[in-house]
Amino acid sequence: MPAISAVREAEPGPLQRRYREVRALSEALAAPLSDADATVQSMEDASPAKWHLAHISWFFETFILRDHVPGYTFFDERFPFLFNSYYEAEGARHSRARRGMVTRPTLDEVLAYRAHVDEAMVEALPDLPEAARQLAVLGCHHEEQHQELMLTDMLHLFAQNPVEPAIWPGERKVPVNLPGTIRWIEHAGGIVEIGHDGGGFAFDCEGPRHRELLHPHAIADRTVTNGEWAAFIADGGYAEPHHWLSDGWAWVQANGIEAPLYWERRDDVWTRFGLDGRRALDPAAPVTHVSFFEADAYASWAGCRLPTEFEWEAAAGAHDAWAGNQLDRAGPVEPRPARGGPAFFGDVWEWTGSAYRPYPGFRPAEGAVGEYNGKFMSGQFVLKGGSCATPRGHARACYRNFFYPHQRWQFTGVRLAKDL
């Protein structure tokens with residue numbers, strides 16, 4: 001996963017606690033799953049929960065235990081081939097599209113692998129050299145990324161089951177008022193500082209910090225709701241090519257897209273499938289599971305556009321990245337209705353109109369851990385803000401998520417912008 005910027009943890013104790021907490025949350029997310037649930041792969045973009053649990057253990061085992069703990073031997077010599085992801089420097093690996101074929105090792109065996117790695121890591125952490133401690137911090141952030149992927153991949157998998165089972169029981173819904181009309185946060189334009197400022201952890205693609213010129217614009221104080229999206233559908237949003245990019249319209253036509261992923265109209269009522277099964281759609285909640293193509297088309301229909309990642313970061317910098325609806329514990333997370341005031345973090349990852357490309361002066365880190373970000377800077381768009389499935393504390397204003405324009409199985413949504 002992404003390379004680490006310079007970061008220094010104060011003492012081994014806090015890092016050990018951090019490691020244990022992150023590892024425990026991953027297993028809590030997988031706790032409701034059977035061995036079959038954790039093995040099946042619903043599409044190439046998604047991975048089995050069992051693979052996620054093993055891969056993030058392989059990361060710690062490979063880049064810390066193997067490379068920095070004398071005498072350590074692999075738990076199973078077959079696992080590097082099975083659970084490497086993208087690291088060319090680490091040699092051959094199992095095909096991503098066939099991860100669901102790995103019925104053995106079983107889920108119990110993968111959990112035993114995790115326990116073995118955890119025991120070795122906790123013992124090693126106090127005496128690790130600084131370079132290895134930095135990798136341990138990176139590994140914790142890497143695992144948090146996979147926690148979000150576990151949730152969205154589990155949701156996609158269960159959505160393929162015709163009986164639409166719930167992973168967790170649903171929470172009681174409390175009706176809330178629809179949010180008012182969007183309010184606009186205006187920016188006069190000018191030079192702004194963008195990117196990681198060097199304090200604390202960041203992935204390499206978040207820097208170097210540099211200057212960008214913004215033109216006068218306004219950005220919405222909230223994201224688009226399900227109710228507003230339903231109006232877009234009712235107005236022929238998916239049937240009228242006028243608002244769509246050419247590639248987007250071709251995608252709609254080729255795939256028969258008529259609504260966000262997991263939406264279905266039953267008895268003349270819009271419903272959605274979630275981690276708590278199928279339920280009536282909440283019109284006040286942020287719309288989610290929409291692609292860049294859909295986000296861009298909606299913005300055009302609304303007479304607006306998507307913000308650039310620089311406009312978004314300039315507006316979000318004054319807000320608390322720890323606030324909002326983010327992942328605190330295992331359960332049926334979903335976007336929630338806004339509760340007043342501008343909100344930039346949590347609920348949904350927000351598509352921007354910015355291509356995922358390197359900042360001026362970007363250089364990938366040395367070694368295998370430098371492979372992840374730089375080599376994917378092609379054909380993808382930046383998303384900002386974190387989601388209801390993002391572990392709290394993981395995101396920040398300069399954080400750059402990225403996906404291809406057709407992908408929508410993540411908790412992705414829309415914030416509007418316009419020129420002044």
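Predicted model: local features only at pLDDT ≥ 70, side-chain atom pairs only at ≥ 80, totals over all residues.
Helices here are DSSP runs of H or I with at least four residues, strands are runs of E with at least two, and both are numbered from the N terminus. Residues are numbered from 1 along each chain as its sequence is written, and side-chain values use heavy atoms, with hydrogens and water left out.

I begin with the overall picture. The chain holds 10 helices and 12 strands. Its C-alpha trace spans about 65 × 55 × 40 Å along the principal axes. For 420 residues, a compact globule would have a radius of gyration near 22 Å, and the 21 Å of this chain agrees; the radius is taken over C-alpha atoms, and the globule rule is 2.2 Å times the number of residues to the power 0.38. Of the 420 residues, 55% count as buried, where buried means under 20% relative accessible area, exposed means over 50%, and partly exposed lies in between, with a 1.4 Å probe and protein chains only. Among contacts with a separation of 6 or more, 81% are between residues 24 or more positions apart, a contact being heavy atoms within 4.5 Å.

Next, the charged side chains. A salt bridge is a side-chain nitrogen of Lys or Arg within 4 Å of a carboxyl oxygen of Asp or Glu. The whole structure contains 28 salt bridges. One of them joins Glu143 and Arg23, at 3.0 Å from N to O. This pair links distant parts of the chain, for Glu143 belongs to helix α6 (residues 130–159) and Arg23 to helix α1 (residues 12–30), 120 residues apart. Glu143 is buried, at 0% relative accessibility, and Arg23 is also buried, at 2%.

Glu143 has a salt bridge with Arg114 as well, with the closest N and O atoms 3.1 Å apart. Here helix α6 is linked to helix α5, across 29 residues, and both Glu143 and Arg114 are buried. Which residues make up the network of salt bridges that includes Glu143? They are Arg23, Glu27, Arg114, Asp118 and Glu143.

Another pair is Glu90 and Arg66, whose closest N and O atoms are 2.9 Å apart in a salt bridge. Glu90 lies in the loop between α4 (79–83) and α5 (107–124), and Arg66 in helix α3, so this pair ties together parts that are 24 residues apart in sequence. Glu90 is partly exposed, at 23%, and Arg66 is partly exposed, at 34%.

Lys50 is buried yet has no salt bridge, the nearest side chain of opposite charge being Asp35, 4.6 Å away; Lys and Arg count as positive and Asp and Glu as negative, with His and the chain ends not counted. Leaving aside residues up to four places away in sequence, Lys50 touches residues including Ala38, Thr39, Arg104, Leu107 and Val110. Leu107 and Val110 are among the buried residues of α5, as are Arg114 and Asp118.

Finally, strand β8 (residues 349–355), where 5 of 7 residues are buried. β8 pairs with strand β11 (residues 412–413) in the parallel sense over 2 bridges, pairing meaning that DSSP finds at least two bridges between two strands. Trp349 stands opposite Thr412 in β11. β8 and strand β9 (residues 381–384) run antiparallel, joined by 3 bridges, and Trp351 stands opposite Leu383 in β9.
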